[in-house]
Amino acid sequence: QVQLVESGGGLVQAGGSLRLSCAASGEIFDTYAMGWFRQAPGKERELAASISRNGRSTYYADSVKGRFTISRDNAKNTVYLQMNSLKPEDTAVHYCAAVISASSSYIPRRLDDYTYWGQGTQVTVSS
């Protein structure tokens, strides 16, 4: 089992940047594929980006492609989401998620693919 703790959220003006971090503890981090999801008020939780356990494969939702970058440091048991050119529509609670992966290149994309979740960190983008 793995425990996930997000940090780095906050209030930023449109066009600004934030970097979210997700620290994992418990099991061997590099056996987990990771994802960042977000949920805006009144909307369903949706995938922003995901990364394979070896970090070489990534996936981005169209809404964040070209603006967000997901990365991981397996030595630090941490996954990051660098968010640039932020827009008011990026306002949401952002969640880190993990799933054990037998494949080094597997990139889970669905909500149901993930087993473990963090508590979330709020990102608010003002116009």
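Close-up 1. Ser-101 counts as buried because its relative accessibility is 3%, where buried means under 20% relative accessible area, exposed over 50% and partly exposed in between, with a 1.4 Å probe and protein chains only. This is a predicted model, in which local features need pLDDT of at least 70 and side-chain atom pairs count only at pLDDT 80 or more, while totals for chains, interfaces and linings use all residues. Residues are numbered from 1 along each chain as its sequence is written, and side-chain values use heavy atoms, with hydrogens and water left out. Ser-101 is found in the loop between S9 and strand S10 (116-117); helices (H or I, at least four residues) and strands (E, at least two) are DSSP runs, numbered from the N terminus. Leaving aside residues up to four places away in sequence, Ser-101 touches Thr-31, Tyr-32, Ala-33, Arg-53 and Tyr-106, a contact being heavy atoms within 4.5 Å.

**Close-up 2. The disulfide of Cys-22 and Cys-96.** A search of the whole structure finds one disulfide, a term that stands for a pair of cysteine sulfur atoms within 2.5 Å. The disulfide joins Cys-22 to Cys-96, with 2.1 Å from S to S, and the link is left-handed, with -80° about the S-S bond. The pair links distant parts of the chain, since Cys-22 lies in strand S3 (residues 18-25) and Cys-96 in strand S9 (residues 92-100), 74 residues apart. Both Cys-22 and Cys-96 are buried.

**Close-up 3. Strand S3 and the strands it pairs with.** Strand S1 (residues 3-7) runs antiparallel to S3, and five bridges join them; two strands pair if DSSP finds at least two bridges between them. Within this pairing, Ser-7 stands opposite Ser-21 in S3. S3 also pairs with strand S8 (residues 78-83) in the antiparallel sense, over six bridges, and the bridge partner of Leu-18 in S8 is Met-83.

**Close-up 4. The largest nonpolar core.** In soluble globular proteins, nonpolar side chains tend to be buried together. A nonpolar core is here a set of buried Ala, Val, Leu, Ile, Met, Phe, Trp, Tyr and Cys residues joined through side-chain atoms within 4.5 Å. The largest has 28 residues, and Leu-4, Met-34, Trp-36, Ile-70, Val-79, Leu-81 and Met-83 are those with the most contacts inside it. S3 gives the most to this core, with four residues. Ile-70 touches several residues outside its sequence neighbourhood of up to four places, including Met-34, Trp-36, Val-79 and Leu-81.

Close-up 5. Tyr-32 and Tyr-116 form an edge-to-face pair, 6.0 Å centre to centre and with 65° between the planes. Because Tyr-32 lies in strand S4 and Tyr-116 in strand S10, this pair ties together parts that are 84 residues apart in sequence. Phe-37, Tyr-114 and Trp-117 form one aromatic cluster. Arg-45 lies over the face of Trp-117, at 5.0 Å from the ring centre, and Arg-72 lies over the face of Phe-29, at 4.4 Å from the ring centre; a charge sits over a ring if NZ of Lys or CZ of Arg is within 6 Å of the ring centre and within 35 degrees of the ring normal.

How values were computed: Phe/Tyr/Trp six-rings, centres within 6.5 Å; stacked < 30°, edge-to-face > 60°.
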